[in-house]
Amino acid sequence: MQEYLTLEELENKCPNIATEEASEGRSDKYVQIPTKRVIEDIMSLGWHPVDAKMINAHNKEKSKFKRHLVEFEHTDYSTEENKVRLLLTNSHDGTTNFKLDMGIFRIVCANGL
């Protein structure tokens, strides 16, 4: 069985998902979509976070705005052989659009590769 992450564990693993504001230099047309709010909405639909990743930035001040990815799984759709995943990608610096992708990952080897 897959272990699901709490919102607090996600923030520890990928701190930039908690960023509420956009980076400097965004135009008035830029719409900030806070990742944390989207995660809460997705979780309310029965999807559970299983992993989070972020791009490491050389400039620590800008790291909280960089691209990040959160993976979700839904118990109703996944089996032992196939994992249905919802992938949320976002950034707060204007380089990546908010995006949701879905995929089915087939478990071929015993080690999960």
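Select Lys 53, which is partly exposed, with a relative accessible area of 42%. The model shown here is predicted.

Lys 53 and Glu 71 form a salt bridge, and their closest N and O atoms are 3.3 Å apart. Colour the two strands involved: Lys 53 sits in strand S1 (residues 47-54) and Glu 71 in strand S2 (residues 68-74), so this pair, 18 residues apart, links distant parts of the chain.

Stay on Glu 71. Is this residue buried or exposed? Glu 71 is buried, because its relative accessible area of 13% falls under the 20% limit.

Next, select Arg 85. A salt bridge joins the side chains of Glu 71 and Arg 85, with an N to O distance of 2.9 Å. This pair again links distant parts of the chain, from Glu 71 in strand S2 to Arg 85 in strand S3 (residues 82-90), 14 residues apart. Arg 85 is buried, with a relative accessible area of 13%.

Glu 73 and Arg 85 form a salt bridge, with 3.0 Å between the closest N and O atoms. Glu 73 belongs to strand S2 and Arg 85 to strand S3, so the pair ties together parts 12 residues apart in sequence. Glu 73 and Arg 85 are both buried.

Finally, show the wider group. Which residues are linked in a network of salt bridges? The network links Lys 13, Asp 51, Lys 53, Glu 71, Glu 73 and Arg 85. The count of salt bridges in the model comes to seven.

Key. Residues numbered from 1 in each chain as written. Predicted model: local features only at pLDDT ≥ 70, side-chain atom pairs only at ≥ 80, totals over all residues. Heavy atoms only, no water. Salt bridge = Lys/Arg side-chain N within 4 Å of Asp/Glu carboxyl O. Helix = DSSP H or I, 4+ residues; strand = E, 2+ residues; numbered from the N terminus. Buried < 20%, exposed > 50% of the residue type's maximum accessible area, 1.4 Å probe, protein only.
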